[in-house]
Amino acid sequence: MILHSGLIFPVLSDKLTHKIGEVIDEDMLHARVPFVAQTQQCFAVKAGIDGLMDIARPFCDTSEGDSKVVDSQDKLTTGREELTEDIEKEEKTQIQVTYNIVFVTAEAVPYLKTGGLGDVCGSLPVALAARGHRVMVVSPRYLHGSPSDKNLAGASDTGCRIKVYCFGGEQEVVFFHEYRAGVDWVFVDHPSYHRPGNPYGDIFGAFGDNQFRFTLLCHAACEAPLVLPLGGFTYGEKCLFLANDWHAGIVPVPSIG
């Protein structure tokens, strides 16, 4: 069976054979990456072929007598090297375009984790920062009166206190900050985050004020890029927000308001 351009043919038709010949001839004459890529597409789909020579030989005679065919394997290797160089150049070009990215999450490793959300929001920001982006992660400053509290020991009070309107009244929050692994880790401090248990509840079940607690987080997270001069200057208004799970579900609302 031959797979070509997304279709399956039971036999190698004359038209397909002619097309393969054209691709190989062009490749041999010009040695350009697009033709190498087409050649690979034609032959890589048939498993078990030992090199391209099995099929390429019938098409190796060119119309120009002085043109000699180079070993197909050498040509394929050259094509792969050129294709790899093009990909690397493209990646470098993409890296030049950087963003201010703000993660809003209820948890992040290594500060606090109850599941996969903590893993993702603890690792993805670091990976994005390594690619040249400016990255902030905003989460609550939980104080549970347990050994996990020591994970926040590296976060210091920024001295920035703001009031946000939430659930019919003003609430004052304080921002704590730690710069680690190229990422600004920001923690929103408020009395509602200071209680035994885990981020969402205790032995008696979910906290009854969770909607308030995480609505407060969302409002504070939207203000953080505007008011925190981290590294000497704020993130500003042009930020890409990544709202993770229902706890950050309100973030898009004030952002587009």
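**Ground rules.** I number residues from 1 along each chain as its sequence is written, and my side-chain values use heavy atoms, without hydrogens or water. As the model is predicted, local features need pLDDT of at least 70 and side-chain atom pairs count only at pLDDT 80 or more, while totals for chains, interfaces and linings use all residues.

**Cysteines.** I looked for disulfides (cysteine sulfur atoms within 2.5 Å) and the count came to 0. For Cys166, the closest cysteine sulfur is in Cys218, 9.0 Å away, which is too far for a bond. Cys166 is buried at 1% relative accessible area; buried means under 20%, exposed over 50% and partly exposed in between, with a 1.4 Å probe and protein chains only.

**His247.** Next I checked how accessible His247 is: at 4%, this residue counts as buried. Leaving aside neighbours within four places in sequence, I found His247 in contact (heavy atoms within 4.5 Å) with Ala106, Leu117, Tyr200, Phe214 and Cys218.

**Aromatic rings.** I then paired rings of Phe, Tyr and Trp (its six-membered ring), with centres within 6.5 Å; planes under 30 degrees apart are stacked, over 60 edge-to-face, the rest tilted. The count is 6 aromatic pairs. Tyr111 and Phe187 have ring centres 4.8 Å apart and planes at 70°, so they are edge-to-face. Tyr111 is buried at 6%, and Phe187 is buried at 2%. Together with Trp185, Tyr111 and Phe187 form one aromatic cluster.
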